Amino acid sequence: MKKPTGKLRSGFTTGAAAAAAAKAALQLLLTGQAPTRVEITFLTGETTTIAVHHCRLVESNKARCTVIKDAGDDPDITHGAEIGAEVTLEKRSDRGPIRITGGTGVGVVTKPGLEIPPGRAAITSGPVTMITNSVNALLDARSTDAGIHIEVFVPEGERLAQKTLNARLGIIGGLSILGTTGIVRPMSHEAYAATIEKSMDVARAAGLAHLVLTTGRRSERFAQKRWPTLPDEAFIQIGDFFQTAMAAAAKRGFSSATLAVFFGKAVKMAQNIPHTHAAKSELTLETLARWTFEHTGNPALARRIAAANTARHAFDPLKESALPVIAQVAGEARRCAVGFSENQVRVRCVIFDYDGTAAVDTQADWG
């Protein structure tokens, strides 16, 4: 998604959307009037008004309402998704006055290691609190002895989940209903970092001690092909979050990890850059050119590397005539990864050619 220009607009999470839908449905049941908008309070204490997309009475004690998720200017796969809640007034039971469950399009947790235990709908604690608060805001003004069952649903949830890492995390059949505050901050790194950490939690709960860290789907596919016997949970896409991933692996007690990356990312990792998206390419290429001259003594080749458009464009001539430079990049990336783990994780670095073969593997320097 192209980054918007100007001031970026915040949005609301799937959890906030579910809270708004639940409040709208309960309001219809209590007043007989379908609201066009509802006000909800984020967990930060801020309030917002959310438009109701559809709202209808199913039975005398049951209503279904939906809202359209608005992620603001954040590149979120759920932006524009319809999020709904079916609210049923029922006899109060020993389970408490409010029950929250997952319906169509809401995933079910199947693996240990997440906040939610296996067998439960993937609705995290933040959304549960927001839904509960939104419902109680209506109940406080009215006297009712009824219990309330809220079933959250996402009509296109199963299809949208195929574009996420939910299956890797053991969340099957739909999306997760998420949100720590209810607010989506545009271009925030928090969600991606949280996904890395949750993926590692699942891997740890599965009893794994070794991880394979890739920077995206393509490098992950090559890594899975290279190590086909490793379980899916071992493969973690870290994107640009080099330091974050290594620190998270150390915190969770993983003994070893393999960096399985392409040359462009490896060059940035080799220069101890914590978040590899932020690096300026001209600076990384200057260092790469210096290493090239140190290994080859060839000033023409060094100038060619310095003048390359990207590290990827520098890869082919180095692979052809200066493979030790690529090996140094892998070795430095390995060393920096160990440093970001505070020397807690043993690291191996594999740099893939762009056809998926391993150009360099530091396995001999495993340490």
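## Burial and overall make-up

Of the 367 residues in the protein chain, 49% are buried. Buried means under 20% relative accessible area, exposed means over 50%, and partly exposed lies in between, with a 1.4 Å probe and protein chains only. The model is predicted, so local features need pLDDT of at least 70 and side-chain atom pairs count only at pLDDT 80 or more, while totals for chains, interfaces and linings use all residues. Residues are numbered from 1 along each chain as its sequence is written, and side-chain values use heavy atoms, with hydrogens and water left out.

The protein chain holds twelve helices and 16 strands. Both are DSSP runs numbered from the N terminus: helices are H or I with at least four residues, strands are E with at least two. Along the principal axes, the C-alpha atoms fill a box of roughly 85 × 45 × 30 Å. Among contacts with a separation of 6 or more, 69% join residues 24 or more positions apart. Contact means heavy atoms within 4.5 Å.

## A five-strand sheet

Five strands form an open sheet in the order β13-β12-β14-β15-β16. The pairing is mixed. Two strands pair if DSSP finds at least two bridges between them. β13 (235–237) and β16 (358–361) are the edge strands. Each has a single partner strand, so one side of each is left without a neighbour in the sheet. From one strand to the next, the twist averages 25 degrees. Axes are lines fitted to C-alpha atoms, for helices over the stretch in contact, and angles run from 0 to 180 degrees between N-to-C directions.

Strand β12 (residues 210–214) and β13 run parallel and are joined by three bridges. In general, strands of a sheet pair through backbone hydrogen bonds, either parallel or antiparallel.

Leu 213 is found in strand β12. Leu 213 has 0% relative accessibility, so it counts as buried. Beyond its neighbours within four places in sequence, Leu 213 touches residues including Met 200, Ile 236, Ile 238 and Met 246. Its other contacts include Ala 257, Leu 259 and Val 261. Ala 146 is 67 residues away along the chain, and its C-alpha atom is separated from that of Leu 213 by 50 Å.

Asp 240 lies in the loop between β13 and α7 (242–251). Asp 240 also counts as buried, because its relative accessibility is 16%. Leaving aside neighbours within four places in sequence, Asp 240 is in contact with Lys 265, Pro 274, His 275, Thr 276 and His 277.

## Helices α11 and α12

Helix α12 (residues 323–340) lies across β14 (256–262), β15 (346–352) and β16. Helix α12 runs at about 145 degrees to β15. The axes of α11 (residues 311–321) and α12 come within 6 Å and cross at roughly 115 degrees. From α11, Phe 315, Leu 318, Lys 319 and Ser 321 meet Leu 323, Val 325 and Ile 326 of α12. By class, this contact has five nonpolar, one polar and one charged residues. Ala, Val, Leu, Ile, Met, Phe, Trp, Tyr, Cys and Pro count as nonpolar, Asp, Glu, Lys and Arg as charged, and the others, Gly among them, as polar.

The loop between α12 and β15 holds Glu 342. Asn 343 has its place in the loop between α12 and β15 too. Glu 342 is not a glycine, yet its phi is positive, at about 55 degrees. Phi of Asn 343 is near 60 degrees, also positive in a residue other than glycine. Glu 342 is exposed, at 62% relative accessible area, and Asn 343 is exposed at 63%.

## A cavity and a pocket

The whole structure has one cavity of 30 Å³ or more. On a 1 Å grid over the protein atoms alone, a cavity is a set of points where a 1.4 Å probe fits but cannot get out; a pocket is an open set with protein on both sides within 12 Å along at least five of seven lines; lining residues have an atom within 4 Å of a point. Grid points are joined across faces, edges and corners, and a volume is the space filled by probe spheres set on the points. The largest cavity has a volume of about 30 Å³. β13 gives the most to its lining, with three residues. The lining includes Phe 235, Ile 236 and Gln 237.

The second largest pocket holds about 240 Å³ of space. Its lining divides into six nonpolar, four polar and two charged residues. β7 (98–102) and α2 (125–139) each give two or more residues. The largest share, three residues, comes from β7.
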